[in-house]
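Subject: Structure handover

Hello,

Here is the structure for you to work with. Please load it first, then read the notes below.

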Amino acid sequence: MQIRENHNIKALNTFGLSAHARYFCSLHKLGGLRSIMQWADTYPELPVMFLGGGSNMLFVKDFPGLLVHVRLQDREILGQDDDYFYVRAAAGENWHEFVRWTVDQNLAGLENLSLIPGTVGAAPMQNIGAYGVELKDCFYELQALDWRSGEIREFSLEACRFGYRDSYFKSVEPGRWLIVSVVFRLPRKPEWKTDYAGVKERLVGKVLNARVISDAIISIRQSKLPDPARLGNAGSFFKNPLIPLAQWESLKVQFPTISGWPQGNKIKTSAGWLIDQCGWKGKREGDAGTYDKHALVLVNHGSASGEQIWDFAQSIIASVQDSFGITLEPEPRVIL
Ligand SMILES: Cc1cc2nc3c(=O)[nH]c(=O)nc-3n(C[C@H](O)[C@H](O)[C@H](O)COP(=O)(O)OP(=O)(O)OC[C@H]3O[C@@H](n4cnc5c(N)ncnc54)[C@H](O)[C@@H]3O)c2cc1C
């Protein structure tokens with residue numbers, strides 16, 4: 001296993017930020033882990049981090065430890081019962097290619113999550129979601145390796161504690177578990193989720209199946225979101241904030257067009273709307289900015305540094321706080 005020193009990871013993060021990992025290695029086979037872990041044992045203080053597609057990361061600084069690029073490949077249909085097909089994919093599989101592969105196998109359930117960048121292994125980290133579906137809706141179990149002991153453990157749906165852009169791996173024990181593979185449970189009798197704004201309109205007159213819906217989602221996403229290959233970004237930069245009901249009711253009086261959806265005993269409101277109202281859509285400071293079609297997406301127009309993107313994000317947070325009394329929380333992992 002080759003461990004590189006001071007490795008530039010500009011090509012490995014979708015913001016296209018020039019940053020370095022002090023140590024870097026690519027993990028293609030699980031068998032290769034033993035030698036990496038033995039090497040890491042000799043540097044007990046060295047932080048370790050796992051990298052998939054780098055589409056949910058903001059490198060404000062270089063990473064001062066060992067960055068393990070997870071490249072494990074494999075996908076298979078495991079079997080079926082009366083209600084579901086069971087499909088497994090290794091962590092390094094490209095998420096969108098995996099979704100399209102399930103569609104090619106006439107399997108349904110993941111179609112609304114088409115075209116989300118990144119890998120299968122990172123998808124449970126923040127319980128990826130889009131167009132009314134979250135990963136947890138089709139999740140069965142995952143296998144993860146404990147970086148401390150080398151033991152592989154299975155995590156059920158309950159054990160993963162999925163929440164809105166959240167999981168056990170993200171909030172409770174970040175950095176401890178390397179997700180190795182994920183098993184999905186795909187329904188034999190799918191219920192199509194087409195109520196999300198903009199989806200139904202694209203499907204008028206079409207016979208619904210996973211491919212038709214996946215194609216529609218791809219086309220909507222391509223019209224709304226910047227392609228990281230052309231304009232660096234990490235998708236939505238802020239989570240939609242959850243606010244107490246009383247605060248929501250008072251905001252609704254002041255700002256009648258604010259939108260919100262009940263989530264438990266709180267209201268989830270649109271971070272994009274809040275940012276837009278503060279006049280940030282399409283704004284730019286140097287090469288850091290927001291996308292002109294979507295205020296929630298921070299972009300790198302070319303040669304912004306991680307610090308410039310982060311400073312820009314801080315200005316947005318301060319401005320939304322001033323105007324609405326709401327503190328926005330970044331969605332990507334920020335390396336400070
Ligand atoms: C244009 C665009 C659109 C997007 N749209 C959406 C969307 O609709 N919905 C959504 O939820 N997200 C969206 N995202 C965010 C992102 O694509 C997802 O969060 C994706 O799952 C990140 O995958 P990744 O492999 O790139 O993860 P990375 O950015 O490499 O890593 C993200 C986190 O996961 C950890 N990690 C990575 N692999 C592993 C592993 N095998 N084991 C343990 N930890 C690991 C990393 O350490 C890090 O903490 C979008 C991003 C972009 C650029």
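Start at Ser236. Its relative accessibility is 24%, so Ser236 counts as partly exposed; the buried class stops under 20%. Keep in mind that this is a predicted model.

**The annotated site**

Ser236 sits in strand β13, residues 232-236. Beyond its sequence neighbours within four places, Ser236 contacts Leu296, Val297, Glu331 and Pro332. One of those contacts matters for the next point.

UniProt, in an unreviewed entry, lists Arg165, Ser236 and Glu331 under "active site". These three span 167 residues in sequence, yet no two of their C-alpha atoms are more than 11.2 Å apart, so they gather at one spot.

Is Glu331 buried or exposed? Glu331 is buried, since its relative accessible area is 9% and the limit is under 20%. Glu331 belongs to the loop between α9 (306-324) and β20 (333-335). Leaving out residues up to four places away in sequence, Glu331 touches Asn56, Gln126, Arg165, Lys170, Ser236, Phe237, Phe238 and Lys239. That list includes Arg165 and Ser236, which UniProt also names for the site. The side chains of Glu331 and Gln126 make a polar contact of 3.1 Å.

**The ligand**

- Gly54: a backbone N or O atom lies 2.9 Å from a ligand oxygen.
- Pro117: a backbone N or O atom lies 2.9 Å from a ligand oxygen.
- Ile179: a backbone N or O atom lies 2.8 Å from a ligand nitrogen.

The unreviewed UniProt entry places "domain: FAD-binding PCMH-type" at residues 15-189. That span is 16% helix and 37% strand. Its end C-alpha atoms are 39 Å apart.

Helix α2 covers residues 95-104. Eight of its ten residues are buried, so the rest of the structure largely encloses α2. The buried ones are Trp95, His96, Phe98, Val99, Arg100, Trp101, Thr102 and Val103. They pack against β6 (75-80), β7 (84-90), β12 (177-187) and α6 (210-224).

Both ends of α2 have something to show. Asn94 caps the N-terminal end, with a side-chain oxygen 3.0 Å from the backbone nitrogen of His96. After α2 comes Asn106, with a positive phi near 60 degrees.

The α6 side can be followed through Ile218, which lies in that helix. Ile218 has 13% relative accessibility, so it counts as buried. Apart from neighbours within four places in sequence, Ile218 contacts His96, Arg100, Ser114 and Leu115. Among these, His96 and Arg100 are buried residues of α2. Ser114 is 104 residues from Ile218 along the chain, but their C-alpha atoms are separated by 6.3 Å.

Now the strand side. β12 is mostly covered, with nine of its eleven residues buried. β7 and β12 run antiparallel and are joined by seven bridges. In that pairing, Tyr86 stands opposite Arg185 of β12. Strand β10 (residues 139-146) also runs antiparallel to β12, again through seven bridges. There, Glu141 stands opposite Val183 of β12.

β15 and β16 (residues 266-269) pair over four bridges in the antiparallel sense. Pro262 has Ile267 in β16 as its bridge partner.

**Where to look**

For the UniProt site, open the view on Arg165, Ser236 and Glu331. For the ligand, begin with the backbone of Gly54, Pro117 and Ile179. For the packing, take α2 with β6, β7, β12 and α6.

Best regards

How values were computed: Residues are numbered from 1 along each chain as its sequence is written. This is a predicted model: local features need pLDDT of at least 70, side-chain atom pairs count only at pLDDT 80 or more; totals for chains, interfaces and linings use all residues. Side-chain values use heavy atoms; hydrogens and water are left out. Buried means under 20% relative accessible area, exposed over 50%, partly exposed in between (1.4 Å probe, protein chains only). Helices (H or I, at least four residues) and strands (E, at least two) are DSSP runs, numbered from the N terminus. Contact means heavy atoms within 4.5 Å. A polar contact is a pair of N or O atoms within 3.5 Å; within protein, one must be able to donate a hydrogen and the other to accept it, and residues adjacent in sequence count only if both atoms are side-chain atoms. UniProt positions are given in the numbering used here, feature names are shortened, and annotations may be inferred rather than shown by experiment. Two strands pair if DSSP finds at least two bridges between them.
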